[in-house]
Amino acid sequence: MMPRQADELLARLKLKGLGLSELHERVRLSGSAWTRDQLELFLLCARGVTRDGTGSFHAIAASAEDDLGAAIVDAVHSFAGKPVPAAQVRARLSQHVVTTDEQVLAVARRTAGLEVFGPNLIRIAS
């Protein structure tokens with residue numbers, strides 16, 4: 001399954017809980033060759049996804065920190081792989097995001113796909 005397909009699947013689970021069979025059918029129709037067992041393992045490991053007593057999977061809405069992490073990842077990507085200080089990342093965030101350089105660094109340290117190194121520079125993890 002490609003990342004875009006995974007994002008779409010998780011977004012669908014935020015709207016409505018679905019059983020593994022239905023989810024596997026959706027994944028298969030999207031072009032993925034993942035087996036039912038692979039999909040189940042992915043869902044069991046995915047952050048914010050739970051399985052209820054009926055076997056349906058549900059995804060909880062993202063927290064404010066998750067949203068900030070996603071915005072920081074997008075901002076860091078916009079520098080085309082060049083390491084950047086937190087202040088420059090913060091400058092590329094949306095106007096409605098109110099944060100500090102220290103918070104940007106803290107969230108970047110906890111966000112998968114980002115790396116903080118040197119004198120508080122942020123880059124895409126390799």
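Predicted model: local features only at pLDDT ≥ 70, side-chain atom pairs only at ≥ 80, totals over all residues.
## Helices and strands

The protein chain follows the order α-α-α-β-β-α-β-α-α-β-β along its sequence. In total there are six helices and five strands.

## The chain as a whole

Next, let's look at overall dimensions. The C-alpha trace spans about 50 × 25 × 20 Å along its principal axes. Of the 126 residues in the protein chain, 29% are buried. The chain exposes about 7,900 Å², and carbon and sulfur atoms supply 54% of that area.

How many positive and negative side chains does the protein chain have? There are 15 positive and 14 negative ones, and the centres of the two sets lie 3 Å apart. Contacts tell you about the fold too: among those between residues at least 6 apart in sequence, 45% join residues at least 24 apart.

In soluble globular proteins, nonpolar side chains tend to be buried together. Here, the largest nonpolar core has 16 residues. Those touching the most other members are Ile72, Val76, Val89, Leu93, Val104, Leu114 and Ile122. Three helices each supply at least two residues of this core: H4 (64-77), H5 (86-91) and H6 (101-110). Helix H4 gives the largest share, with five residues.

Leaving aside residues up to four places away in sequence, Ile122 touches Val76, Lys82, Pro83, Val84, Ala86, Val89, Val104, Leu105, Ala108, Leu114, Glu115 and Val116. There is also a second, separate core of 14 residues, and Leu23, Val27, Phe57 and Ala59 are among them.

## A closer look at Thr111

Now try zooming in on one residue. Thr111 sits in the loop between H6 and strand E4 (114-117). Is Thr111 buried or exposed? Thr111 counts as buried because its relative accessibility is 17%, and the cut-off for buried is under 20%.

What does the side chain of Thr111 reach? The side chain of Thr111 comes to 2.6 Å from the backbone oxygen of Val107. Thr111 also touches Gly69 and Val73, when residues up to four places away in sequence are not counted.

Notes
Residues numbered from 1 in each chain as written. Heavy atoms only, no water. Helix = DSSP H or I, 4+ residues; strand = E, 2+ residues; numbered from the N terminus. Buried < 20%, exposed > 50% of the residue type's maximum accessible area, 1.4 Å probe, protein only. Contact = heavy atoms within 4.5 Å. Areas by Shrake-Rupley, 256 points an atom, 1.4 Å probe, with all protein chains shown as cover. Lys, Arg positive; Asp, Glu negative; His and termini not counted. Charge placed at Lys NZ, Arg CZ, Asp CG, Glu CD. Core = buried A, V, L, I, M, F, W, Y, C linked by side-chain atoms within 4.5 Å. Polar contact = N/O pair within 3.5 Å; in protein donor to acceptor, adjacent residues only side chain to side chain.
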